[in-house]
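User: Please take a close look at one part of this assembly, the contact between two of its chains, and describe how the two sides meet.

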There are 4 protein chains.
Amino acid sequence: MNSFGRIFRISLFGESHGNVVGIVIDGCPAGLLLDAGDFAADLKRRRPGAEGTTPRREADRPLIRSGVWRQKTTGAPIMIYFENENFRSREYEAMRHLPRPGHADFAAWRKYGGFHDHRGGGQFSGRMTVALVAAGVVAKKILRRVRIKAALIEAGGSTKIKKAVGEALKEMDSIGGIVECRAAGVPAGLGEPFFDSAESLLSHLVFAVPGVKGIEFGSGFGCSRMKGSECNDILIDKNGKTKSNHAGGINGGITNGNELVFRVAVKPPSSIPMEQPTVHVVSGEPAMISVRGRHDVCFALRAPVIIEAAAAVVLADLMLLEHLVPRILE
Amino acid sequence: MNSFGRIFRISLFGESHGNVVGIVIDGCPAGLLLDAGDFAADLKRRRPGAEGTTPRREADRPLIRSGVWRQKTTGAPIMIYFENENFRSREYEAMRHLPRPGHADFAAWRKYGGFHDHRGGGQFSGRMTVALVAAGVVAKKILRRVRIKAALIEAGGSTKIKKAVGEALKEMDSIGGIVECRAAGVPAGLGEPFFDSAESLLSHLVFAVPGVKGIEFGSGFGCSRMKGSECNDILIDKNGKTKSNHAGGINGGITNGNELVFRVAVKPPSSIPMEQPTVHVVSGEPAMISVRGRHDVCFALRAPVIIEAAAAVVLADLMLLEHLVPRILE
Amino acid sequence: MNSFGRIFRISLFGESHGNVVGIVIDGCPAGLLLDAGDFAADLKRRRPGAEGTTPRREADRPLIRSGVWRQKTTGAPIMIYFENENFRSREYEAMRHLPRPGHADFAAWRKYGGFHDHRGGGQFSGRMTVALVAAGVVAKKILRRVRIKAALIEAGGSTKIKKAVGEALKEMDSIGGIVECRAAGVPAGLGEPFFDSAESLLSHLVFAVPGVKGIEFGSGFGCSRMKGSECNDILIDKNGKTKSNHAGGINGGITNGNELVFRVAVKPPSSIPMEQPTVHVVSGEPAMISVRGRHDVCFALRAPVIIEAAAAVVLADLMLLEHLVPRILE
Amino acid sequence: MNSFGRIFRISLFGESHGNVVGIVIDGCPAGLLLDAGDFAADLKRRRPGAEGTTPRREADRPLIRSGVWRQKTTGAPIMIYFENENFRSREYEAMRHLPRPGHADFAAWRKYGGFHDHRGGGQFSGRMTVALVAAGVVAKKILRRVRIKAALIEAGGSTKIKKAVGEALKEMDSIGGIVECRAAGVPAGLGEPFFDSAESLLSHLVFAVPGVKGIEFGSGFGCSRMKGSECNDILIDKNGKTKSNHAGGINGGITNGNELVFRVAVKPPSSIPMEQPTVHVVSGEPAMISVRGRHDVCFALRAPVIIEAAAAVVLADLMLLEHLVPRILE
């Protein structure tokens with residue numbers, strides 16, 4: 001399923017080394033000011049550049065091809081794509097039958113019978129997230145007074161992020177990290193009991209991001225170690241403000257008006273230059289593989305803006321569902 | 001949204017102190033042997049009884065009202081409900097305007113303008129999970145060779161579960177816990193890249209269960225602290241078997257044929273007999289509240305079979321999507 | 001798929017000769033006054049009784065089992081069912097392997113491998129529509145100022161309906177008819193361009209009703225024989241009122257504020273006492289069959305209120321989507 | 001909603017005078033041979049050229065931007081778009097506030113508050129169907145042994161199509177027509193009882209095509225005038241073959257293995273050069289309008305391949321749902 005959302009609905013397409021990566025956004029209110037410049041800041045945050053990120057540099061120019069006219073959304077589906085330019089696929093030919101450890105290669109081989117475009121990870125690549133970030137930009141514009149901010153709070157098990165990245169780089173290895181996302185100004189009442197709880201929808205989209213292996217809301221796993229008397233957030237006014245926020249702004253799957261807080265575990269990138277054993281997918285022969293290409297040492301460095309986008313897309317959809325965003329903006 | 005799933009699709013209804021709690025299961029293959037007796041074992045595991053569980057005892061008799069004929073599924077929607085019998089709603093009348101700390105009361109008040117049935121938590125109650133367990137029983141029968149097993153591995157931050165429960169009981173407090181779920185025999189290729197990754201779907205349904213605040217797959221948050229060379233699971237044969245299983249059986253959102261493993265953080269029940277402060281939802285006046293009713297000291301004790309059900313429902317849907325379960329069973 | 005709708009979402013269950021027929025209604029705003037009495041008038045219109053309708057008489061008592069508390073909707077899913085009482089299944093045993101001409105018997109045999117409950121037509125029975133009518137009652141209450149009215153305008157090819165029915169009865173045959181549905185007060189702007197055009201959604205649900213074989217909006221098939229200059233409805237004020245209404249209130253898939261008009265072709269019931277040839281589904285041997293049971297001579301007589309329900313369900317969903325009905329009613 | 005389908009799922013985007021019109025196709029099996037040449041024949045059938053069709057000539061070159069690698073589908077979403085080239089938007093500026101009679105202009109103005117791209121009909125334009133035809137090409141390749149063939153059987157109320165078109169052209173008017181679609185080789189068992197009946201899904205997609213105002217299956221409206229004894233199709237062998245085919249290959253919403261037959265009423269194009277009265281959408285002042293642009297005199301001439309595409313998309317989805325098309329083709 002390449003689609004997600006009920007009202008504000010996104011459909012993704014593209015592959016890492018194909019022609020394009022892009023997205024169709026349906027259900028965006030008409031009348032929203034939108035042009036290519038709006039995407040610059042968030043795309044820049046996702047773009048590699050810092051130490052520890054891939055040397056693959058893409059222009060990441062958002063090409064808005066439908067749904068916007070005279071700098072305003074028309075109410076029709078918005079299609080945005082990014083051309084893939086800076087890739088080198090030859091490196092992948094040799095590895096076609098050698099699943100890279102920790103990658104989707106083997107699973108994809110089984111799922112698609114070998115017909116998938118494995119180059120650069122194909123549709124499993126972190127490259128896909130450029131389109132999610134674009135959707136996030138549109139969603140954030142809809143959300144207005146909701147302010148979403150994610151940050152990498154830990155990498156390689158350490159809060160000294162720069163140091164951890166430097167070491168991994170030296171060791172020809174990779175590291176993961178933990179991203180914390182906070183959203184202020186979220187109104188009470190978003191989410192649906194049971195299947196579309198706010199946590200269900202947020203986790204659904206967050207786990208779509210390559211490399212995510214865990215999520216917790218509020219005090220999360222910490223809650224499981226608290227007493228009820230400690231974990232219960234005490235209400236201090238009739239607007240719903242609570243003294244503590246162990247619930248992370250969600251009770252019973254519904255936002256309660258407090259700050260929305262969640263943390264996401266991002267694993268270390270699987271592609272490392274270090275040699276690792278694998279097995280030929282047809283013959284079963286053991287082999288050694290070293291994934292050269294151009295890869296992130298710590299993809300988590302680039303993850304915060306992606307996680308923000310995921311949160312924004314979910315919240316925009318829920319706000320529209322609750323009639324808290326009008327169908328026509330002015 | 002009270003529905004979940006694409007092919008094997010469930011729709012939930014009911015409230016804790018309403019007449020019934022139940023489920024409609026659509027898309028179940030025809031020809032599956034099914035009768036009320038099939039539900040007994042799993043319902044028993046969910047039913048209170050042990051120390052630390054609520055003294056509210058329900059008969060939990062599954063009434064199969066459609067979709068089964070002569071002990072076999074017909075291919076039509078299966079409707080199953082459970083009558084609510086053993087409840088005492090009067091206790092709740094006094095608390096109507098006093099949101100219980102840690103509960104969905106305040107959020108629901110805002111979402112439904114005070115029209116929701118707050119008694120016993122209404123549709124936010126753990127009572128709803130009896131219907132999910134019923135769906136899980138049907139899903140497990142479809143899955144056949146896939147064996148799902150969840151267990152409480154920690155409660156109140158301790159592996160000495162019985163002791164932790166006993167203490168909380170004495171202190172008139174409550175505790176949470178961590179449930180680990182493992183599924184063996186899951187074929188490779190389940191899940192869809194991006195939005196319907198196996199992790200996305202599993203987490204979506206697991207977060208629908210009241211009280212869940214976190215989930216991690218494989219080594220989860222632990223992965224975020226590993227090096228890539230450590231986290232990458234090394235393939236050892238061409239069937240996809242890996243040496244380690246930090247990925248928890250999922251790469252790039254697709255199952256890889258190894259054991260599926262995830263852990264779920266369950267918070268302590270919010271309802272505790274201890275007095276706690278709150279605020280009148282209309283007047284804003286501070287007040288004290290003590291939630292008597294009949295509540296679990298440790299709902300996590302009853303959670304494993306619920307988490308199994310969530311996993312089974314997701315896997316059944318994905319197996320049908322991949323044509324790994326026939327539309328007609330014989 | 002037993003579900004339909006995006007916000008106001010219905011899920012159907014049951015079989016003609018099973019225990020129950022019912023529906024789960026999700027997404028209904030909270031605060032709507034609703035009790036069993038509200039259903040009486042529409043259920044009565046659907047109930048047999050007049051000449052030409054089946055002598056099977058059901059009490060058709062709506063049992064509201066969830067989602068309503070103190071006579072008001074709570075915002076939780078509303079489950080309503082009807083018990084099946086007045087059926088005689090023995091008659092069907094002999095016909096198990098003899099598909100009735102014009103019935104779903106053969107198609108169902110193939111689809112479900114013979115496991116379906118064929119008695120009384122199972123889930124293909126007109127009996128299912130009692131649940132749709134119930135959903136229609138709820139939808140109509142939401143719609144308020146929109147007034148939907150359907151009527152049988154022709155039966156057996158004649159506008160002299162009573163006469164046509166009487167003749168068919170004498171001949172031990174059956175007849176169909178044409179139902180016209182009109183909705184006044186429908187606001188402009190409902191429906192979505194392309195896939196969820198107002199016509200797409202209305203026809204989708206109308207064709208779910210057993211026996212429907214055609215639908216046309218406005219002048220419909222007549223439009224295909226007009227000139228553009230004749231078919232174009234001329235605007236006469238800025239509120240969108242047009243002189244003629246060949247479009248039936250819909251342009252480009254979107255309602256235009258004029259009266260919504262569509263007509264539905266209902267075929268004659270397949271079950272007739274007259275002897276007809278068929279073939280044994282396993283052996284292929286020819287056989288003769290006479291469908292006795294208790295059947296409608298003209299099901300179209302009972303169809304208007306069912307078609308109204310279909311229209312109401314679609315319009316309620318579209319009104320909620322456009323924020324023209326609040327999420328909380330007061 | 002710009003999406004349709006459960007497994008084989010399409011998402012449309014674009015506007016008539018925007019940059020592009022295109023489609024994302026999700027759920028297509030991997031391994032299907034596909035290149036730009038496959039689209040030529042069907043696109044040519046849709047392209048204007050004959051007398052009575054618009055002089056707007058588009059290259060209609062399908063740009064496959066994802067989901068295909070080395071001439072085979074990869075299992076990832078297939079994105080195809082067409083650049084809009086040959087349009088003249090200036091003509092539309094003057095008409096911005098003058099809704100064209102019979103068009104979606106007024107309804108769109110209300111729905112999108114005037115922000116929609118009205119040029120050339122925007123997303124309401126027949127231009128959108130080029131993308132649907134492209135999806136149809138892919139769907140037909142999946143269907144293999146199912147042969148779908150639609151034809152214009154009547155235009156302007158006459159079977160002498162060429163003559164009727166010529167007259168309308170002379171009169172500066174436009175005409176509609178009736179398209180009949182037949183599909184041979186459709187297996188029994190497609191469609192779901194109630195909400196996703198084969199008729200429901202086919203009509204849903206067919207009414208998405210601009211200008212469609214009616215649909216009937218088999219003998220359709222004719223059935224409503226038959227006796228049951230005449231309308232019932234008599235089974236003649238155990239494979240489901242029937243003597244007559246008044247049901248059009250569908251009983252109870254499920255295909256029965258006979259030829260699928262339906263007819264579609266297409267209205268005359270609204271855009272005619274003849275002067276017609278309208279009303280200024282803001283001031284309410286009466287005005288006269290003559291829609292010059294370049295328009296079809298009889299859009300129905302180009303409709304058959306579009307209706308085939310709609311049928312193919314629905315059937316491909318249903319075949320995948322029933323496991324009658326494998327997930328990996330070879």
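Analyst: A salt bridge (a side-chain nitrogen of Lys or Arg within 4 Å of a carboxyl oxygen of Asp or Glu) joins the side chains of R225(C) and E154(D), at 2.9 Å from N to O. The model is predicted, so local features need pLDDT of at least 70 and side-chain atom pairs count only at pLDDT 80 or more, while totals for chains, interfaces and linings use all residues. Residues are numbered from 1 along each chain as its sequence is written, chains are lettered from A and ligands numbered from 1 in the order in which they are written, and side-chain values use heavy atoms, with hydrogens and water left out.

Between chain C and chain D the count is 9 salt bridges. The two chains also have 46 residue pairs in polar contact, both residues at pLDDT 80 or more; a polar contact is a pair of N or O atoms within 3.5 Å, where within protein one must be able to donate a hydrogen and the other to accept it, and residues adjacent in sequence count only if both atoms are side-chain atoms. On the side of chain C that touches chain D, 49 residues are nonpolar, 36 polar and 19 charged (Ala, Val, Leu, Ile, Met, Phe, Trp, Tyr, Cys and Pro count as nonpolar, Asp, Glu, Lys and Arg as charged, and the others, Gly among them, as polar).

Contact, defined as heavy atoms within 4.5 Å, involves 104 residues from chain C and 104 residues from chain D. The buried area, which is the accessible area (1.4 Å probe) that two parts lose on being put together, summed over both, is about 7,800 Å² for chain C and chain D, with 62% of it on carbon and sulfur atoms. Within chain C, the residues that lose the most area to chain D are F194(C), F195(C) and K213(C), together 12% of what that side buries.

Strand 10 (residues 212-217) of chain C and strand 10 (residues 212-217) of chain D run antiparallel and are joined by 3 bridges; strands are DSSP runs (E, at least two residues), numbered from the N terminus, and two of them pair if DSSP finds at least two bridges between them. G214(C) has E216(D) as its bridge partner.

Chain C superposes on chain D by a rotation of 180° with 0.0 Å of shift along its axis, at an RMSD of 0.0 Å (least squares on the C-alpha atoms of residues with pLDDT of at least 70 in both). The two copies are therefore related as by a two-fold rotation axis. Because 100% of the interface residues of chain C are also interface residues in chain D, the copies meet through the same surface.

How values were computed:
Helices (H or I, at least four residues) and strands (E, at least two) are DSSP runs, numbered from the N terminus.
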